[in-house]
Amino acid sequence: MLVNQRRALFVAGGLLGAAGLFCLLIAVPVTLAGVVRVDQTVLRLARTAENPPATVVAEALSLAGGVWVNWPLRIVAAVLLAVRRRFVQLTAFALAVASSEVLIGVLKSAYHRARPPDSLIATSDFSFPSGHAVAGAVTAVGLVVVLLPPGRLRWRWEIYAVSFAFLMALSRVYLRAHWLSDAVAGGLLGAGLALGWPALLQALRGRPDPAAQGPAAAVEDRP
């Protein structure tokens, strides 16, 4: 799955660590005040930038990151991996999805954070972290990692996946469905899980890391 599993583990650890930092900042009252100030500033900017075309685009992105798109894509990918007997990739993707869904519920229940007022779309449950941001990142990044072989094509699609997850998370902020910190933490968490599980499984299997065998063995040195 990965050319350089050690680098992938390092990147995934950094992403998950950053997500954990947001959890800590929001849990501690002293730092929460600073986070809230930034969130409210961004909310005011979103209100200022509100216009019908942007709202239509944001609603489309929000829909693309929702359950009616995410779960069909996940199921199709799982079936495809099973048919191709790529069981390590299937296991990594399933673990990323399952752990993300568990963490979304656990964190929302633990933080009980209220959503921004006057959302432009219907919302339910608590605000932190953004379930859309977590799920969108897990699906977009995870599908690229487990379905495409390492190389230039996958690197290009990784950029597309990260860009989509970023814009989709911002759409939730624009629609006032989430605070900025909800979206950022969710995106970091989802991307970290999507990259971390494949790297961890590959490391546990004891597969040799081509990057450790010299430059010639690691033509594509990206996760």
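Of the 20 residues in the largest nonpolar core, which touch the most other members?

Guide: Those are Phe93, Phe128, Val134, Val138 and Leu189. A nonpolar core here is a set of buried Ala, Val, Leu, Ile, Met, Phe, Trp, Tyr and Cys residues joined through side-chain atoms within 4.5 Å. Buried means under 20% relative accessible area, exposed means over 50%, and partly exposed is in between (1.4 Å probe, protein chains only).

Some ground rules before we go on. You're looking at a predicted model, so local features need pLDDT of at least 70 and side-chain atom pairs need 80 or more, while totals for chains, interfaces and linings use all residues. Numbering runs from 1 along each chain as its sequence is written, and side-chain values use heavy atoms, with hydrogens and water left out.

Back to the core: helix 1 (5–27), helix 4, helix 5, helix 6 and helix 8 each put in at least two residues. Helix 5 gives the most, with five. (Helices are DSSP runs of H or I, at least four residues, numbered from the N terminus.)

Let's follow helix 8, residues 180–204. Its 25 residues reach 36 Å from first C-alpha to last, close to the expected 36 Å, which is 1.5 Å times one less than the residue count. Of those residues, 18 are buried, so helix 8 is largely enclosed by the rest of the structure. There's a kink of about 25° at glycine 196, shortly before proline 198; the bend is the angle between axes fitted to the seven residues ending there and the seven starting there. Just past the end of helix 8, glycine 206 takes a positive phi of about 75°.

Helix 8 also carries charge. Aspartate 182 meets arginine 113 in a salt bridge at 2.8 Å, N to O, where a salt bridge is a side-chain nitrogen of Lys or Arg within 4 Å of a carboxyl oxygen of Asp or Glu. This pair links helix 8 to the loop between helix 5 and helix 6, with the partners 69 residues apart. Aspartate 182 has a relative accessible area of 0%, and arginine 113, at 11%, counts as buried too. Shared partners join Asp39, Arg113 and Asp182 into one network.

In total the structure holds six salt bridges. One of them pairs glutamate 50 with arginine 176, at 2.8 Å between the closest N and O atoms. Glutamate 50 lies in the loop between helix 2 and helix 3 (52–64) and arginine 176 in the loop between helix 7 (152–174) and helix 8, 126 residues apart. Here glutamate 50 is partly exposed at 37%, while arginine 176 is buried at 5%.

One last stop, back in helix 5: serine 109 lies there and is partly exposed at 46%. Serine 109 and phenylalanine 126 are 17 residues apart in sequence and 7.4 Å apart in space, C-alpha to C-alpha.
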